[in-house]
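Visitor: Please take a close look at a single part of the chain shown here, and describe its local geometry and its neighbours in one connected account.

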Amino acid sequence: MKMKILSLDTSSKNAIVVITEDEEKIIELNNEEEKTHSQKLMPMIDEAFQKSHLSLNDIDLIVCCIGPGSFTGVRIGIATAKAFADSKDIPVVGVNSLEVLAYSLEEEGKICALIDAGHGNAYVGYYEIGKDEKNKLRTIQEELAFLNLTDEKLKEIQKQYKIANEQNVGLGITIAKIGYTKYKNGKSGSSSILSPVYLRKSQAELALEEKTK
């Protein structure tokens, strides 16, 4: 029996809402307007349901991007996914933003996913991607870091890895596909399994630490 899957990503400026049937896209919406995710996410979800003639009652799995990325954005996405999951007892899957970028290349090999964290810093995911017995991409190795990404450091990374960054397209369907694969591999659960991946402290936490020194 095919599954209807609702996937959400609010970890970056671009909010993404995708509904798929297994790995086949039914609808994908993107919104890069200068609005907060709290303003634009629910209207996007409503629009996706209306255009696909579906409702939350039809959804069998919720996939949520859990960061790293915007602290506030990640929390909004997770809170929305949890609320939907709890209201209808729908299983959830969390997907890492860096893993999504790595998979968006649709290639095997050593891949470095980069997300700009501002002030010359970056969220970094080092991946080795291979294929399983069904010829589908799978993660063999993953290492996450928060780095000050100098030009010299980037050049060193480029010698060893293919680079995947936020300019890559097709992230929405990639989130859905990774989530569906994780579900089939037994990595779904109740809303309690969703927790944010930050890799660094927030500005508020850093300011508090500075104040209490």
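Guide: Glutamate 106 is exposed, with a relative accessible area of 62%; exposed means over 50%, buried under 20%, and partly exposed in between, with a 1.4 Å probe and protein chains only. This is a predicted model, in which local features need pLDDT of at least 70, side-chain atom pairs count only at pLDDT 80 or more, and totals for chains, interfaces and linings use all residues. Residues are numbered from 1 along each chain as its sequence is written, and side-chain values use heavy atoms, with hydrogens and water left out.

Glutamate 106 has a positive phi near 55° although it is not glycine. Its place is the loop between helix 3 (97–104) and strand 6 (109–118); helices (H or I, at least four residues) and strands (E, at least two) are DSSP runs, numbered from the N terminus.

Strand 6 leads on to strand 7, with which it forms a hairpin that has two residues between the strands. In that turn, histidine 119 has a positive phi of about 60°. The two strands run antiparallel and are joined by nine bridges; strands pair if DSSP finds at least two bridges between them. Lysine 110 has glutamate 128 of strand 7 as its bridge partner.

Strand 7 (residues 121–131) is mostly covered, as nine of its 11 residues are buried. Strand 7 is also joined by 11 bridges to strand 8 (residues 137–148), again in antiparallel fashion, and tyrosine 123 stands opposite phenylalanine 146 of strand 8. The hairpin of strand 7 and strand 8 has five residues between the strands, and asparagine 135 there takes a positive phi near 65°.
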